[in-house]
Each structure stands twice: as C-alpha cells, then as structure tokens.
Amino acid sequence: MIVFPNCKINLGLHIVRKRTDGFHDLETVFYPLQLTDALEVLSPGTLQFHSSGIAIPGAPEDNLCLKAWHLLKKDFPAIPAIDIHLHKHIPIGAGLGGGSADAAFMLVHLNQRFQLELSQERLVAYAAILGSDCPFFVINQPCYATGRGEIMEPVTLDLKAWTIILVYPDIHVNTGWAFKQLTPKEPEVSLKEVIKRPVEEWKGLMKNDFEVPIFEAHPELAGIKAKMYQQGAVYATMSGSGSAMVGIFPKAGNFKTDYKSFVI
Ligand SMILES: C[C@@](CO)(OP(=O)(O)O)[C@H](O)COP(=O)(O)OP(=O)(O)OC[C@H]1O[C@@H](n2ccc(N)nc2=O)[C@H](O)[C@@H]1O
Ligand SMILES: Nc1ncnc2c1ncn2[C@@H]1O[C@H](COP(=O)(O)OP(=O)(O)O)[C@@H](O)[C@H]1O
C-alpha cells in the first residue's frame with residue numbers, strides 16, 4: 001500500500017507567547033498543498049526503513065516514519081513489523097512540514113490497516129508527541145491553529161483559483177534557533193479574521209513573524225519575496241520557519257527564478 005504525504009504552507013504566523021515547557025504558543029493558518037512524498041508500507045515485514053529521492057539527514061532509525069510505528073506499537077503490541085520505503089520529494093527543513101506529514105500519514109495508515117479504531121482526536125494527540133506540525137496532517141484541511149499548532153479549527157479557504165509557486169533556495173533554517181530569535185507578542189488582529197478577507201488584501205494584513213530575523217540572516221529570501229511581487233504575485237510569504245518561499249499568483253502567472261521551484 002502506498003500513500004502520498006503532502007506538504008503544508010503557513011498563511012500568516014504569529015509567535016504569541018513563550019510557554020513554561022520551552023515551546024511557544026503560536027497562531028497560524030495551515031494550508032495543505034499537493035507536493036508529496038510517496039510512502040510504501042509492506043506487512044508483515046521485518047521492521048526496516050529505506051528511502052530514495054532527497055537524502056534525509058540523520059540515522060534511518062531516527063526517521064519520523066519509524067518513530068510513528070514505535071509510538072503506536074508501545075500501546076498496540078499486536079501491530080506487526082513492517083517494511084517501509086519512503087521516496088522523499090518534499091524539500092527538508094524548508095518550513096513545509098514534510099517529515100511531520102510522513103509521520104502523520106504513517107499513524108493514520110497504521111490505524112486503518114490494523115483496525116486500531118483510534119478517533120481523530122487520539123490520532124492528533126499521538127501526532128503531537130512526534131512534532132508540533134504533525135497534528136495538522138491528521139486533519140489535512142485548511143485550519144486556523146493555536147497552541148503549538150495542535151488546537152485546530154477548519155477554515156473555509158480554497159486557493160484553487162490561483163497558481164501557487166514554491167521556491168526553495170536550499171537554505172536550511174533550524175526551527176529551534178528561529179524561535180529563539182523572536183520576542184513573542186499578542187497579535188493586534190487575529191489571523192482568524194484576516195484569513196476571511198480576499199486574497200488580494202492579504203499583502204497589507206498578514207505576516208509571518210519569522211521573516212524579520214530570518215531575512216536578516218539570509219537577505220536573498222527577502223529578494224525572492226520582492227521579486228515575486230514584481231512578477232505579479234498577489235501575496236508572497238515565507239512558509240513556517242523557512243526557507244521555502246510561497247507566491248500566490250493569478251492562474252496564468254509565472255515566476256522566473258534560478259532556484260528550485262514548484263508550480264502547484
Ligand atoms: C514553525 C512551524 C510552523 O508551522 O513549522 P516549520 O517551519 O518547522 O515547518 C512549527 O511550529 C514547527 O513545528 P516542528 O517543525 O514540528 O517543530 P518541533 O520539532 O516540534 O520543534 C522544534 C523546536 O522548535 C521550537 N518550537 C517549536 C514549536 C513551537 N510551537 N515552539 C517552539 O519553541 C522548540 O525549540 C523545539 O525544540
Ligand atoms: N521522514 C522524514 N522526512 C524529512 N525529515 C525527517 C524525516 N524524519 C526525520 N526527519 C528530520 O526532520 C527534520 C526536518 O523536518 P521537515 O519536516 O522536513 O522540516 P520542517 O520542520 O522545516 O518542515 C530533519 O532534521 C530530518 O532529519
């Protein structure tokens with residue numbers, strides 16, 4: 001059985017407060033995009049993990065796909081060993097949540113395949129153990145999110161009338177470092193309201209707090225954003241803690257860049 005974990009972008013991102021557990025409360029709107037990995041699961045197998053495509057940093061045993069299996073195996077000992085093959089296509093450490101998507105798709109797949117009968121709420125709770133971005137991929141529809149990202153309310157938002165262009169300049173931003181650069185602040189206007197406005201109005205209303213420190217460290221990202229606007233984007237932003245840049249263009253739009261890019 002093969003599933004296709006997709007990526008996400010953040011439309012607006014406010015870092016609201018530092019918590020006592022070392023994490024930060026944030027508010028964001030997660031939006032799923034069809035740029036995917038391919039995840040094949042064979043069972044019964046011999047618990048192994050292989051990957052192809054983009055090289056994944058770290059040891060295979062630390063891969064989030066295996067961590068998801070171990071997490072459920074602890075509570076459901078009858079789950080058999082599986083062979084996992086991941087074809088990695090979503091850029092890594094890009095603010096696109098690819099690793100989190102792989103982990104969440106694995107949880108959802110194991111739940112269905114081995115009839116664990118976990119509710120969506122319990123899957124979200126398991127996903128939150130694996131990473132802050134992970135719960136979103138259990139829901140996988142446009143969501144206004146708070147807390148660490150695990151408190152989600154679906155929002156009505158459809159960007160199919162637009163062309164979305166992702167640009168990945170191959171700059172790896174460490175998420176922990178990015179959070180440390182910010183002074184948390186309550187937003188003046190909640191994203192929950194701003195996201196209801198027409199896309200053409202987002203430019204003046206919606207921001208990603210990470211852009212200030214990360215653009216300072218990597219000015220070429222500010223350059224990509226400016227170029228997106230010059231070439232007709234109605235809205236341009238960095239996704240999450242970067243470094244993928246997102247441009248929302250009219251349907252016939254185009255963006256010329258020397259960096260790796262994806263048109264969705
Ligand atoms: C910034 C966001 C926005 O969607 O996405 P990415 O840019 O990484 O995709 C997420 O909050 C990232 O989620 P994720 O990438 O899963 O982060 P985690 O592995 O949970 O945490 C990595 C590190 O970031 C910091 N961290 C993360 C999330 C959070 N709400 N507060 C934090 O302070 C912590 O220092 C933590 O050790
Ligand atoms: N299946 C996986 N795919 C990508 N990265 C993974 C995976 N499993 C573990 N990781 C680790 O997660 C980190 C990147 O996570 P990813 O979700 O791609 O980035 P981001 O948090 O920026 O969206 C890397 O340090 C990588 O080693």
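Visitor: How do you know that helix 1 and helix 2 pack, and at what angle do they do so?
Guide: In this predicted model, the axes of helix 1 and helix 2 are 8 Å apart and the packing angle is about 35°. Their crossing is right-handed. The contact is made by Leu64, Cys65, Lys67, Ala68, Trp69 and Leu72 on the side of helix 1, and by Gly99, Asp102, Ala103, Met106, Leu107 and Leu110 on the side of helix 2.

Visitor: How do the residues of that contact of helix 1 with helix 2 divide by class?
Guide: The contact of helix 1 with helix 2 has nine nonpolar, one polar and two charged residues. Glycine counts as polar in this scheme, and Gly99 is among the contact residues of helix 2.

Visitor: Which residues of helix 3 are buried, and what makes a residue count as buried?
Guide: Helix 3, which covers residues 120-130, has Leu123, Val124, Tyr126, Ala127 and Leu130 as its buried residues. The word applies if 20 or more other C-beta atoms lie within 10 Å of the residue's own.

Visitor: Why are these buried residues said to line one face of helix 3?
Guide: Seen down the axis of helix 3, the buried residues fall within an arc of 165°, and therefore they line one face of the helix. The elements they pack against are helix 1 (64-75), helix 2 (98-113) and helix 4 (134-139).

Visitor: Why is helix 1 called oblique to helix 3?
Guide: The two helices pack at an angle of about 130°, with their axes 10 Å apart. An angle over 145 degrees would count as roughly antiparallel and one of 65 to 115 as roughly perpendicular, so helix 1 is oblique to helix 3. The crossing of helix 1 and helix 3 is right-handed. Leu64, Lys67, Ala68, Leu71 and Leu72 of helix 1 make this contact with Tyr126, Ile129 and Leu130 of helix 3. By class, the contact of helix 1 with helix 3 has seven nonpolar, no polar and one charged residues.

Visitor: How do helix 2 and helix 3 cross, and which residues meet there?
Guide: The axes of helix 2 and helix 3 come within 10 Å and cross at roughly 145°, in a right-handed crossing. From helix 2, Ala103, Ala104, Leu107, Val108 and Asn111 meet Leu123, Tyr126, Ala127 and Leu130 from helix 3. The contact of helix 2 with helix 3 divides into eight nonpolar, one polar and no charged residues.

Visitor: Why is asparagine 140 called partly exposed?
Guide: Asparagine 140 has 16 C-beta neighbours inside 10 Å, and because residues with 20 or more are buried and those with 12 or fewer are exposed, a count in between makes a residue partly exposed. Asparagine 140 is in the loop between helix 4 and strand 7 (143-146), and its phi is near 55°, a positive value in a residue other than glycine.

Visitor: Is alanine 236 buried or exposed, and how do you know?
Guide: Alanine 236 is buried, because it has 23 C-beta neighbours inside 10 Å and 20 or more are needed. Alanine 236 is in strand 10 (residues 235-238). Not counting residues up to four places away in sequence, alanine 236 touches Lys225, Met228, Tyr229, Met245, Val246 and Gly247.

Visitor: What makes alanine 226 count as exposed?
Guide: Alanine 226 has 12 other C-beta atoms within 10 Å, and because 12 or fewer is the condition, it is exposed. Alanine 226 is found in helix 9 (residues 219-230).

Visitor: Which omega belongs to the cis peptide bond from serine 43 to proline 44, and which to the one from glycine 242 to serine 243?
Guide: The bond from serine 43 to proline 44 has omega near -5°, and the bond from glycine 242 to serine 243 has omega near 10°. Most peptide bonds are trans. Proline 44 is in the loop between strand 4 (38-42) and strand 5 (48-53), while serine 243 is in the loop between strand 10 and strand 11 (245-250).

Key
Residues are numbered from 1 along each chain as its sequence is written. Chains are lettered from A and ligands numbered from 1 in the order in which they are written. This is a predicted model: local features need pLDDT of at least 70, side-chain atom pairs count only at pLDDT 80 or more; totals for chains, interfaces and linings use all residues. Helices (H or I, at least four residues) and strands (E, at least two) are DSSP runs, numbered from the N terminus. The arc is that of the directions from the helix axis to the C-beta atoms. Two residues are in contact if their C-beta atoms, placed from the backbone, lie within 7 Å. Axes are lines fitted to C-alpha atoms, for helices over the stretch in contact, and angles run from 0 to 180 degrees between N-to-C directions. Angles under 35 degrees count as roughly parallel, over 145 as roughly antiparallel, 65 to 115 as roughly perpendicular and the rest as oblique. A crossing is left-handed if the near helix is turned anticlockwise from the far one by less than a right angle, and right-handed if clockwise.
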